[in-house]
Amino acid sequence: MQPLPEEFYNRETTPVARELLGHLLVHHTAQGTTLGKIVETEAYLQGDPACHAAKKMTPRNRVMFGPPGRAYVYFTYGMHYCFNVVTNAEGVGEAVLIRALEPLEGLELMIKRRGRPKPEELCSGPARLVQAMGITKEHNQCNLTQGSLFIAPSQEPPPDIVTTTRIGIKEGVDLPLRFYIQGNTFISRK
């Protein structure tokens, strides 16, 4: 499997968030390989009040303003990490949050990392998928177009997509920037 190229990410964020659905998040580690189909995403735009880059560049969000196709991994609620993909042109602070995966490979390793035996509980939420996939703060700023953590193109036809509002935020709640694969049982919630 080859990673998606930087050109895929170097576009407007909302179409990238929609088009990531169905593609495969892959992570090769010393413990083994884990792989999941992206089934839910959220777009975060620079002018959006819920976006970490809405006001200005900070040490925390600096990667969002860098080259597209990089990982933005941040700590939230004092207990969880979330995995985002930097999008749009360099200098524009935007990203796509990967909210849920359908686990496809490395289930035993995911179960060990998560301590949960049910496949539906492995990657159905941003904090869960980070833990199941073995993504850590050390992956912040890593280049997703090369290396051991990347997104590979889907070999399936484009899925039917549901567009709705984002969850777990306090501002920008009315913006239709959450996308998921219709009928998929691995999304975080309807």
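This is a predicted model: local features need pLDDT of at least 70, side-chain atom pairs count only at pLDDT 80 or more; totals for chains, interfaces and linings use all residues.
Which residues touch the most other members of the largest nonpolar core? The views below start there.

View 1. Numbering runs from 1 along each chain as its sequence is written, and side-chain values use heavy atoms, with hydrogens and water left out. A nonpolar core is a set of buried Ala, Val, Leu, Ile, Met, Phe, Trp, Tyr and Cys residues joined through side-chain atoms within 4.5 Å. Buried means under 20% relative accessible area, exposed over 50%, partly exposed in between (1.4 Å probe, protein chains only). Leu20, Leu25, Phe83 and Ile98 touch the most other members of this 36-residue core. Apart from it lies another core, of 13 residues, including Tyr44 and Val86.

**View 2. Glutamate 42 in strand E2 (residues 32-44).** Strands are DSSP runs of at least two residues, helices (H or I) of at least four, numbered from the N terminus. Glutamate 42 counts as buried because its relative accessibility is 0%. Its side chain makes a 2.6 Å polar contact with that of tyrosine 44 (N or O atoms within 3.5 Å, one able to donate a hydrogen and the other to accept it; residues adjacent in sequence count only if both atoms are side-chain atoms). A polar atom of the glutamate 42 side chain also lies 3.0 Å from the backbone nitrogen of isoleucine 167.

**View 3. Glutamate 120 in the loop between helix H3 (107-114) and helix H4 (126-133).** Glutamate 120 is partly exposed, because its relative accessibility is 38%. Beyond neighbours within four places in sequence, glutamate 120 contacts (heavy atoms within 4.5 Å) Arg128, Thr185 and Phe186.
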